[in-house]
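Please look over the sequence and the model first, and then follow the topics below.

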Amino acid sequence: MKTFSVSTRERVDLVDITSQVAQEVAKSSVGSGTVTIYIPHTTCGVTINESADPDVARDIKMHLTKLVPQDGGFRHSEGNSDSHIKTSMIGSSENIFIENGKLVLGMWQGIFLCDFDGPRTRKVYMKIVEG
Ligand code: ZN
């Protein structure tokens, strides 16, 4: 398993991690296979979406905050139920194909770590499998 860390800057923050993942894939020298990305946190997830226009990530952040407000009358005593709920909505893992040693992503796609209870240092786990 490979791992790297990401420092987020705000309570809700989407950070493009495509280049770090691509770097690990290149180092693995796997030509054809898959990479599984897994986030080992309960208030931070991962998603694939448009990275060309930064307004897309901004709109995702804004709309998730509107859908699940921090002061939603939740019971969990840590006061971060909204972060847990947003993480379950986004999910904790992604699978991406590798061909010719490169990530198979659409032209506009990027991989985003989604922190919903930052700013913090978050871990990204990766399993790169040939086949
Ligand atoms: Zn909590």
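Predicted model: local features only at pLDDT ≥ 70, side-chain atom pairs only at ≥ 80, totals over all residues.

Contact here means heavy atoms within 4.5 Å, and the angles quoted run from 0 to 180 degrees between N-to-C directions, along axes fitted to C-alpha atoms. With those terms in hand, helix α1 (residues 18-28) can be described as lying across β1, β3, β5 (93-99), β6 and β8, and as running at about 35° to β8.

- Five strands form an open sheet in the order β1-β8-β3-β5-β6, and their pairing is antiparallel.
- At the edges stand β1 (2-7) and β6 (102-103), each with a single partner strand, so one side of each has no neighbour in the sheet.
- Strand β3 (residues 33-38) and strand β8 (residues 121-130) run antiparallel and are joined by six bridges, and within this pair Gly-33 has Glu-130 in β8 as its bridge partner.

**The sheet of three strands**
- A further open sheet, of three strands, has the order β2-β7-β4, again with antiparallel pairing; its edge strands are β2 (13-16) and β4 (44-50), each of which pairs on one side only.
- On average, neighbouring strands of this sheet are turned by 30° against each other, when direction is ignored.
- Seven bridges link β4 in the antiparallel sense to strand β7 (residues 109-115), where Leu-113 stands opposite Val-46.
- Helix α2 (residues 54-67) lies across β2, β4 and β7, and runs at about 150° to β2.

**Salt bridges**
- The count of salt bridges comes to nine, and one of them joins Lys-61 to Glu-10, with the closest N and O atoms 3.4 Å apart.
- Because Lys-61 lies in helix α2 and Glu-10 in the loop between β1 and β2, this pair ties together parts that are 51 residues apart in sequence.
- Asp-117 forms a salt bridge with Arg-11, at 3.8 Å between the closest N and O atoms; since Asp-117 lies in the loop between β7 and β8 and Arg-11 in the loop between β1 and β2, the parts tied together are 106 residues apart in sequence.
- Asp-117 counts as buried, at 14% relative accessibility, whereas Arg-11, at 21%, counts as partly exposed.
- Arg-120 also forms a salt bridge with Asp-117, the closest N and O atoms being 2.8 Å apart, and shared partners join Arg-11, Asp-82, Lys-86, Asp-117 and Arg-120 into one network.

**A nonpolar surface patch**
- Leu-67, Phe-74, Ile-85 and Met-89 form a nonpolar patch on the surface, and together they have about 350 Å² of accessible area.
- Met-89 is placed in helix α3 (residues 81-90) and counts as partly exposed, because its relative accessibility of 44% falls between the 20% and 50% cut-offs.

Definitions and conventions
Residues numbered from 1 in each chain as written. Heavy atoms only, no water. Patch = residues over 30% accessible without salt bridge, like charges linked within 9 Å, V, L, I, M, F, W, Y side chains within 5 Å. Areas by Shrake-Rupley, 256 points an atom, 1.4 Å probe, with all protein chains shown as cover. Salt bridge = Lys/Arg side-chain N within 4 Å of Asp/Glu carboxyl O. Helix = DSSP H or I, 4+ residues; strand = E, 2+ residues; numbered from the N terminus. Buried < 20%, exposed > 50% of the residue type's maximum accessible area, 1.4 Å probe, protein only. Pairing = 2+ DSSP bridges.
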